[in-house]
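Student: Please take me through one part of this model in detail. I would like to look closely at a single spot and what surrounds it.

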Amino acid sequence: MAVFPWHSRNRNYKAEFASCRLEAVPLEFGDYHPLKPITVTESKTKKVNRKGSTSSTSSSSSSSVVDPLSSVLDGTDPLSMFAATADPVALAAATDSSRRKRDRDDNSVVGSDFEPWANKRGEILARYTTTEKLSINLFMGSEKGKAGTATLAMSEKVRTRLEELDDFEEGSQKELLNLTQQDYVNRIEELNQSLKDAWASDQKVKALKIVIQCSKLLSDTSVIQFYPSKFVLITDILDTFGKLVYERIFSMCVDNRSVLPDHFSPENANDTAKETCLNWFFKIASIRELIPRFYVEASILKCNKFLSKTGISECLPRLTCMIRGIGDPLVSVYARAYLCRALLTEMMERCKKLGNNALLLNSVMSAFRAEFIATRSMDFIGMIKECDESGFPKHLLFRSLGLNLALADPPESDRLQILNEAWKVITKLKNPQDYINCAEVWVEYTCKHFTKREVNTVLADVIKHMTPDRAFEDSYPQLQLIIKKVIAHFHDFSVLFSVEKFLPFLDMFQKESVRVEVCKCIMDAFIKHQQEPTKDPVILNALLHVCKTMHDSVNALTLEDEKRMLSYLINGFIKMVSFGRDFEQQLSFYVESRSMFCNLEPVLVQLIHSVNRLAMETRKLMKGNHSRKTAAFVRACVAYCFITIPSLAGIFTRLNLYLHSGQVALANQCLSQADAFFKAAISLIPEVPKMINIDGKMRPSESFLLEFLCNFFSTLLIVPDHPEHGVLFLVRELLNVIQDYTWEDNSDEKIRIYTCVLHLLSAMSQETYLYHIDKVDSNDSLYGGDSKFLAENNKLCETVMAQILEHLKTLAKDEALKRQSSLGLSFFNSILAHGDLRNNKLNQLSVNLWHLAQRHGCADTRTMVKTLEYIKKQSKQPDMTHLTELALRLPLQTRT
Amino acid sequence: MGTALDIKIKRANKVYHAGEVLSGVVVISSKDSVQHQGVSLTMEGTVNLQLSAKSVGVFEAFYNSVKPIQIINSTIEMVKPGKFPSGKTEIPFEFPLHAKGNKVLYETYHGVFVNIQYTLRCDMRRSLLAKDLTKTCEFIVHSAPQKGKFTPSPVDFTITPETLQNVKERALLPKFLLRGHLNSTNCVITQPLTGELVVESSEAAIRSVELQLVRVETCGCAEGYARDATEIQNIQIADGDVCRGLSVPIYMVFPRLFTCPTLETTNFKVEFEVNIVVLLHPDHLITENFPLKLCRI
């Protein structure tokens with residue numbers, strides 16, 4: 001077989017780069033460009049005048065898209081006008097928002113405990129809806145009808161009042177049938193408004209009347225699926241009424257001298273206020289029907305405060321019993337619900353009275369909202385202290401209270417006292433289990449509201465209780481929770497570790513698995529919350545200890561996943577450590593870490609990367625000009641990497657790190673060190689196994705090797721030859737290794753690599769290389785285009801080409817024809833790109849390859865056409881004209 | 001507006017007892033100064049008796065017996081004729097509450113045929129050109145607490161078809177058994193009437209259970225009298241078919257003014273009763289009557 005000589009084409013990289021580049025075209029403002037930020041030009045369309053609603057649920061006018069139809073009509077078409085004014089959704093939204101606003105007002109008066117009702121309320125209204133027709137039967141004349149005999153005798157005053165009412169009634173009975181749900185809601189809203197109007201215009205009796213009529217609607221369960229919503233709507237009115245009455249009486253107590261405090265006692269209320277209040281209760285007591293009487297009384301029950309201290313709690317059982325008289329179970333259950341809602345606070349009083357039953361207290365604390373409990377923490381502590389321990393242990397009560405305090409904040413002024421009072425009891429608990437269950441809950445509260453001093457005290461107390469008899473052994477879950485809570489609140493780790501008892505606390509975790517879990521938590525929090533790199537010795541010391549604990553837990557049985565997790569955490573820590581410009585210290589930290597975490601490969605990898613980075617940082621700092629000191633330091637870094645890499649197990653990890661570290665060494669002008677890395681990499685290649693384990697699956701390694709080698713070649717281009725070794729000794733060595741490597745049968749990888757080598761060698765024969773490393777002389781400047789060097793180079797090329805052609809020949813069998821075709825074409829392309837086709841032999845070879853690629857009809861015609869087009873295009877460039885001739889010699893095979 | 005006259009009684013609830021001193025102020029407010037011929041204040045307490053329509057005619061002979069009875073009547077001259085300055089003038093007053101002669105100060109009561117009312121009337125006489133000004137104001141008298149120990153008198157009751165009187169066709173009645181008790185028929189007027197009612201069983205569904213408070217007023221004397229029972233109020237204690245066997249509370253507050261301690265005099269009587277009214281489906285009405293004795297302690 002003839003030997004083909006290689007002639008590299010001379011490349012002008014700069015010109016090629018310029019010619020490949022797309023022409024830059026300045027973009028005019030209005031021009032289309034896919035990456036241009038999207039700007040929407042807003043077109044103003046006239047807004048439709050909408051009565052009584054500012055909601056835009058149905059509006060299309062606010063969208064910025066220009067709709068030709070709407071712009072033509074300009075919002076004046078009758079349909080959209082109609083839709084705008086009569087849109088029930090918009091109306092509903094408007095009334096709803098007004099009600100929401102009112103709710104907020106209500107809440108501020110009734111107290112924070114009611115907040116959940118506001119949420120619940122919306123939920124109920126949204127959920128219980130109906131399409132059935134509803135009716136409101138406002139039988140305003142009920143009293144009048146019955147009063148037939150009584151009116152006669154009623155005093156003049158009463159009679160005039162009744163007449164006054166008749167005006168409102170407009171014919172005693174209003175029955176509204178066939179209402180849709182929305183109509184119904186609107187009607188109720190109207191009633192609510194007229195209640196307020198009546199009140200404002202001093203028509204108290206009318207107001208009462210409205211409320212009575214409304215609550216009467218609750219006895220009607222005809223459209224049962226709407227009942228919950230109805231309940232909500234009507235109790236809103238009741239709440240309004242209750243609030244109005246309360247405020248009125250409250251305002252009567254305010255005389256010139258002073259304003260009544262929020263928590264007043266009946267003695268503070270003046271006689272007029274009391275009389276008015278009493279009057280209301282008498283009036284309500286004479287309401288004929290049970291359901292309205294119940295609801296109205298419940299709504300103003302709070303006013304009992306003006307009359308007596310115990311009034312409310314006395315009324316409560318009576319009202320509760322009163323509900324028994326309601327026959328319809330649904331109505332009665334809702335009545336109970338209303339009572340509970342109206343009287344949360346009073347229920348408490350009642351609990352107090354019931355002999356401080358511990359079980360009851362506990363139920364109250366677990367059932368009621370945390371905010372509610374929290375604001376009364378001091379009361380609860382008092383009650384817990386007094387309560388009888390026989391039935392229900394106190395520590396459980398304190399635990400419940402603590403749970404509430406973890407969720408909601410007690411008043412600022414009480415906070416320390418609460419902690420002191422509670423802890424006084426907790427610390428006396430003898431049984432370590434009881435103690436730790438309680439303490440665990442209270443740690444959260446302590447962390448939330450106090451400083452490290454208090455937390456330290458608490459931790460110390462826990463240690464004191466749990467150490468005797470190794471009680472901690474039975475309480476790891478609780479102790480773990482304590483740690484979790486503490487780190488959840490102390491994001492500043494310098495503060496956390498300055499809590500003296502924190503590390504002693506950690507020492508209680510003596511069972512390794514638990515200990516590691518805790519360490520993981522700490523590291524997790526650190527990674528999450530540490531923003532800035534740190535060099536705080538306290539943090540470093542403590543966390544190194546923590547990380548060491550995690551690392552030391554690794555043994556032969558540790559799962560891969562667990563190792564990965566631990567490594568991730570330790571790496572997170574390593575990345576956060578920075579000694580700033582003290583590079584020496586930084587390196588010694590890495591040295592120390594290496595000795596500590598030698599069993600976790602990902603940590604070592606991280607350390608190598610970190611050290612490489614450190615070297616590059618140094619280079620950056622010195623702007624590439626190392627002083628003697630920094631040069632030595634950089635060499636120390638390189639040495640660190642060099643001795644660390646062999647201890648890794650992953651073959652490609654090692655290869656890549658060798659390459660990477662070699663590049664770093666090269667960049668730092670450590671030429672012999674770089675050579676050492678590359679030699680190490682080369683000598684490692686024969687060890688690459690055929691199959692490697694990737695994510696638990698065995699896969700062929702060839703593609704990875706190819707990838708690595710290509711990367712390696714790119715680096716080898718700029719590595720200068722060692723003066724004592726021969727020309728291109730690294731490339732030669734690598735070629736030998738590739739030659740000896742046992743490649744997969746039926747695989748073309750080796751040839752693909754040879755093609756790449758050909759590319760490398762072509763690039764090396766250029767006068768000036770494609771890229772360089774600052775301050776490193778590559779072979780181009782070392783040899784300066786010396787003919788001996790070029791001859792060596794060409795000789796290598798010839799050998800490689802011979803190998804390729806040899807291989808192509810072996811593929812001339814039926815089953816390999818396709819491979820032959822594609823390899824042939826790829827070789828053709830390489831020659832086209834890198835070879836000098838003015839050389840006849842090379843030119844002939846390329847024509848032969850072209851034919852080979854098409855010979856058995858295996859070539860993709862489109863690729864061939866494209867290739868040919870490319871050649872023709874190239875031929876138009878100066879000093880490429882010889883390609884025209886070539887193109888003529890390349891026929892396209894027509895498919896038969 | 002001109003001149004306004006007002007009486008302000010010192011006690012907010014306006015309640016006084018015999019022997020106490022009723023005090024307050026008369027307030028004259030005016031933009032300009034007011035010329036007057038004297039201001040007087042009259043305290044008056046009367047019992048008004050009225051015969052019911054059905055009784056009129058039959059008892060005409062005793063008509064005299066139903067003329068109003070004055071219990072108390074006194075007038076004081078507050079201010080001699082003169083002139084009030086512009087603005088607000090307050091004139092304090094005090095009246096000792098003493099009945100006329102050997103009469104008793106009955107408790108205030110607003111009924112149908114019997115009315116016991118106490119008023120304060122302030123008159124400002126003025127010159128011919130300006131109208132006299134009058135302001136009336138009711139005050140309330142509570143009788144003195146009754147002497148002696150108050151003893152509750154509980155009553156248990158059972159209502160079945162068999163216990164009923166006045167039944168036309170007993171056979172048509174559905175079966176039912178109601179049991180219950182009143183804690184006392186001797187009632188303190190300031191305390192509610194209390195008790196319990198249990199529907200043990202009932203064939204028919206219950207529509208409603210109500211407490212009807214009834215006043216029984218008697219006018220006249222031994223020679224002949226009119227006795228009328230009228231409803232004061234009706235309080236529903238159960239609505240719909242209540243749970244069987246679960247006690248429903250009986251609870252009723254005695255309304256002010258419309259009730260007073262049970263009263264018995266030579267000319268008239270005021271008594272009270274309560275009816276427990278049970279309405280059954282479809283249209284049965286069962287009533288159980290309990291006379292009450294109200295007192296004040």
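Tutor: Start at Phe573(A). Contact means heavy atoms within 4.5 Å. Leaving aside neighbours within four places in sequence, Phe573(A) is in contact with Met523(A), Phe526(A), Leu540(A), Leu543(A), Leu544(A), Cys547(A) and Phe589(A).

This is a predicted model: local features need pLDDT of at least 70, side-chain atom pairs count only at pLDDT 80 or more, and totals for chains, interfaces and linings use all residues. Residues are numbered from 1 along each chain as its sequence is written, chains are lettered from A and ligands numbered from 1 in the order written, and side-chain values use heavy atoms, without hydrogens and water.

Now take Cys547(A), one of those contacts. Cys547(A) is buried, at 0% relative accessible area. Buried means under 20%, exposed over 50%, partly exposed in between (1.4 Å probe, protein chains only). A disulfide needs two cysteine sulfur atoms within 2.5 Å. The closest cysteine sulfur to that of Cys547(A) is in Cys519(A), 8.1 Å away, so it is too far for a bond. Over all chains, the disulfide count is zero.

Next, the wider setting. A nonpolar core is a set of buried Ala, Val, Leu, Ile, Met, Phe, Trp, Tyr and Cys residues joined through side-chain atoms within 4.5 Å. The largest one has 195 residues. Phe573(A) is among the members that touch the most others, with Trp442(A), Val462(A), Leu479(A) and Phe502(A). Helix α37 of chain A, residues 749-764, gives the most to this core: 10 residues. A second, separate core has 80 residues, including Val34(B) and Ile116(B).

How values were computed: Helices (H or I, at least four residues) and strands (E, at least two) are DSSP runs, numbered from the N terminus.
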